[in-house]
Amino acid sequence: MRLAMISEHASPLAVLGGEDAGGQNTHVAELSTALAAAGHDVRVYTRRDSADLPGTVRMLDGVSVVHVPAGPAEPIAKDELLPYMDEFGRWLAAQWQGDNWVPEVAHAHFWMSGLAALTASELTGVPVVQTYHALGTVKRRHQGAMDTSPANRVGYERDLGRTVDRVVAQSQDEVRELIRMGVPWSRMTVIPSGVNEQNFSPVGAVAYRGDRPRILSVGRLVERKGFQDLISAMRLVPEAECVIVGGPPPEQLADDPQARRLRALAETYRVADRVCLVGAVPREEMAQWYRSADVLVAAPWYEPFGLTPLEAMACGVPVVGTAVGGLTDTIVDGLTGDLVPPRDSRALGLALRSLLDDQVRRLGYGTAALDRIRDHYSWRRAADQLTAIYAAVSGVRRPSRVVA
Ligand code: UDP
């Protein structure tokens with residue numbers, strides 16, 4: 001099939017460039033690769049954010065990335081992109097109408113891409129599959145006045161869910177959230193992200209480590225990722241070290257306000273000699289960090305999906321995570337890791353202490369984690385499930401975009 005992936009702010013090329021790209025960039029890159037491996041012809045459409053970018057880049061056999069002119073050709077924060085989505089969608093429609101490459105399905109990633117895809121769909125009849133990646137309701141609940149999303153985001157997300165041909169949710173928690181928003185259950189299918197088992201496996205190089213038990217945590221240094229709770233929890237595991245990977249490149253770490261805040265906190269709790277901030281690590285080096293860990297901690301306050309637990313599990317590493325969002329699906333409590341309440345550094349510290357004291361349980365969790373990844377979280381499996389959805393929605397012209 002000819003498949004259009006619409007990812008307005010998250011280019012899959014950022015992943016290959018080794019930048020500290022977020023989960024959506026990785027998701028779109030891996031999914032497109034798996035769909036191409038399954039024989040599909042994939043074009044990823046992302047916003048042109050630099051005048052220097054070529055119109056189209058061939059990412060690999062079967063996947064090309066098209067830079068869509070929508071708004072100024074310069075970096076713009078994703079929450080500021082809404083005014084350009086109509087232009088984005090019209091450009092897509094013009095391409096598909098003028099070209100002999102018309103997709104059979106457009107799969108939109110993030111709600112703004114969904115709006116652009118629907119605009120294109122109205123003009124061309126191409127059916128739309130929607131993956132949200134994150135929901136405005138959840139963001140607003142957790143960030144309150146700090147949420148910089150456009151004011152009417154939740155309304156747009158609801159309308160999208162009622163209008164597109166299929167909603168692909170990534171977790172049961174997201175399904176519950178969408179139902180509460182008013183998106184009919186019958187329109188949804190759960191297909192979780194996968195993990196690249198070639199890049200993330202128990203065998204391979206291991207990052208340098210000393211004798212102390214290593215607790216690893218990975219992610220952007222934003223408050224909701226809960227690194228402050230982990231640093232606080234380190235008081236309960238006095239023999240262990242805590243390594244935090246992510247954030248700005250190592251050379252910029254000293255000036256980064258979030259990194260300074262975390263370091264100051266470690267000083268306050270008198271754990272600074274056991275807490276190490278590494279900074280951004282290129283994607284291809286991530287597996288060695290996971291392999292170096294006795295346990296991965298993922299302690300977000302909320303998390304739409306969360307790739308880092310999956311990557312650790314694929315390396316055979318047990319995960320202690322907070323019971324939020326996608327983590328409640330990926331981590332099986334008492335089988336592949338432990339779930340603790342969010343923002344509860346004491347519960348986190350006690351769970352870590354108990355797990356670090358029990359090597360047999362750690363090995364058991366690690367082995368079960370590997371099995372779970374193989375059974376449920378391969379990109380190939382995700383591509384197969386999506387292929388069935390694409391086949392079901394394609395060829396069916398959408399009757400109208402009237403929202404019930
Ligand atoms: N990552 C990376 N280098 C880093 C930190 C993170 O390559 O220094 C990757 C990590 O391996 C994962 C992604 O960035 O694939 C983060 O995805 P996640 O879903 O955990 O969080 P998001 O950033 O989307 O909120």
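An open sheet of 8 strands runs in the order E3-E4-E2-E1-E5-E6-E7-E8, with mixed pairing. Two strands count as paired if DSSP finds at least two bridges between them. Helices (H or I, at least four residues) and strands (E, at least two) are DSSP runs, numbered from the N terminus. At the edges lie strand E3 (56-60) and strand E8 (188-190), each pairing on one side only. From one strand to the next, the twist averages 25°. Axes here are lines fitted to C-alpha atoms, for helices over the stretch in contact, and angles run from 0 to 180 degrees between N-to-C directions.

This is a predicted model: local features need pLDDT of at least 70, side-chain atom pairs count only at pLDDT 80 or more, and totals for chains, interfaces and linings use all residues. Residues are numbered from 1 along each chain as its sequence is written.

Strand E1 (residues 2-6) and strand E5 (residues 105-109) pair in the parallel sense over 4 bridges. Ile6 stands opposite Ala108 in E5. Helix H4 (residues 111-124) packs on the sheet and touches E1, E5 and strand E6 (128-131). The direction of H4 makes about 155° with that of E5. Contact means that the C-beta atoms of two residues, placed from the backbone, lie within 7 Å.

Now the domains. The protein divides into domain 1 (2-194 + 379-393) and domain 2 (214-376). These bounds come from an automatic or database domain assignment. The C-alpha centres of domain 1 and domain 2 lie 29 Å apart. Their contact takes 18 residues from domain 1 and 15 residues from domain 2. On the domain 1 side, helix H2 (23-37), helix H5 (136-143) and helix H7 (172-181) each give two or more residues. H7 provides the largest share of that side, 3 residues. By class, the domain 1 side has 5 nonpolar, 10 polar and 3 charged residues. Ala, Val, Leu, Ile, Met, Phe, Trp, Tyr, Cys and Pro count as nonpolar, Asp, Glu, Lys and Arg as charged, and the others, Gly among them, as polar.

Finally, the ligand. The shell around the ligand draws at least three residues from each of domain 1 and domain 2. Of its 18 residues, Gly22, Gly23, Gly246, Leu307 and Thr308 come nearest. A residue is near if its C-beta atom, placed from the backbone, lies within 6 Å. H2 and helix H11 (307-314) are the elements that give two or more residues to this shell. H11 gives the most, with 3 residues. By class, the shell has 7 nonpolar, 7 polar and 4 charged residues.
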